Amino acid sequence: MRVLVTGAAGFIGYHLAALLLDEGHEVVGLDSHNDYYDPALKAAREARLTSRPGYHPIRGKLEQPGLLAELFARHRPQAVVHLAAQAGVRHSIDKPRAYVEANLQGSFELLEAARAHPPAHLLMASTSSVYGANTAMPYRETDKVDTQMSFYAATKKANEAMAHSYAHLYGLPVTVFRFFTVYGPWGRPDMAPYLFTSAILRGEPIKVFNHGDMRRDFTYVGDLVRAIRLLIDVPPVRPDSAEAIQPGDSLSPVAPWRAVNIGNGESVPLLDFIAAIEDAAGVSAVKQMLPMQPGDVPATWADTTLLRRLTGYAPRTSVRDGLRAYVAWFRDYYGAPAE
Ligand code: NAD
């Protein structure tokens, strides 16, 4: 199979592309290598893919006129996994324009290219942030979304709606994933697992928001990309044609469209997560307790019933094991002091 992965030099895209290459698939990897965080990390991830047979790197922006149209016409991907985006809740408060360009304009160009050359399945990344301050736990795909707290979430919800409309109007089979805080080797330097690990290893204080009263459904990247891989093989069909709609499903009643949570299915207290980093690092954290940050929510928790039903998926990696792998990678990559 030939798969287009957008954001292939990014954290999740890199792991997904590597998994697809392991299975012998061809991967076309698009990425702009923007400087939202250290481009050297993106170059290092991509170098590990480019050295492998079956990988075709393309450097460019989604929203660059004609780029995706030409790419789809030339490579005719059978599956498309759209991960390229401007991510980050906090950054979206200061720099909303970047989210309009990459997430709205960029995803529109992708949908247009897919309309002209439809893949068998288009899968795209959304986020648990679309649930906003929803307090009904765990989050189900059919829950009300609430995106007023973050412009990032607003653009991701808009992406979901745009894709739903293309599924309805043009019969494009679309799966939208709602990811829950992903961590693991090659992780993003703007996210809490990196910020905590980096500070703990250097003996510097870590910032703990909401005075530590936070819970997150932390998802190990190896588990997450396995779930994506399984979903590629089960495109949604119009429920009236074959796949029976079940009560509470997020499958659209008229379009081949669905939203699926991909999480670990557990809501872990932030202080337990920090304790697991301390154990893996062999160093105690100095905690600076702070109030809640704008845009943040106190807890997330994924209901993964739909994912399990569609794919049989179950997570394999505990937070302790996942963080051991992360801290070992961190020391190796950044040359941080050994225990
Ligand atoms: P990432 O920032 O590491 O990867 C995104 C990649 O896309 C980057 O390499 C970047 O250079 C590229 N990119 C950005 N804008 C682009 C554009 N306009 N054109 C081409 N390339 C562009 O992020 P990630 O953590 O790998 O996230 C992947 C997807 O998953 C994103 O859509 C993100 O919003 C979503 N997501 C991630 C998490 C998480 O915890 N990591 C949680 C929820 C949702």
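Predicted model: local features only at pLDDT ≥ 70, side-chain atom pairs only at ≥ 80, totals over all residues.

Which residue has a polar side-chain atom 2.8 Å from a nitrogen atom of the ligand? That residue is glutamate 63, and the pair is a polar contact, meaning two N or O atoms within 3.5 Å. The ligand exposes 820 Å² when taken alone, and the protein buries 97% of that area, as calculated by the Shrake-Rupley method with a 1.4 Å probe.

Residues are numbered from 1 along each chain as its sequence is written, and side-chain values use heavy atoms, with hydrogens and water left out.

Around the ligand there are 30 residues, of which Asp31, Tyr37, Tyr152, Lys156 and Val182 come nearest; a residue counts as near if one of its heavy atoms lies within 4 Å. Helix H1 (11–22), strand S5 (121–127) and H6 each supply at least two residues of this shell, and the largest share, 3 residues, comes from S5.

Lysine 156 belongs to helix H6, which spans residues 151–170. Lysine 156 is buried but has no salt bridge, and the nearest side chain of opposite charge, glutamate 160, is 8.7 Å away. Here buried means under 20% relative accessible area (1.4 Å probe, protein chains only), and a salt bridge needs a side-chain nitrogen of Lys or Arg within 4 Å of a carboxyl oxygen of Asp or Glu.

Definitions and conventions
Helix = DSSP H or I, 4+ residues; strand = E, 2+ residues; numbered from the N terminus. Buried < 20%, exposed > 50% of the residue type's maximum accessible area, 1.4 Å probe, protein only. Lys, Arg positive; Asp, Glu negative; His and termini not counted. Polar contact = N/O pair within 3.5 Å; in protein donor to acceptor, adjacent residues only side chain to side chain.
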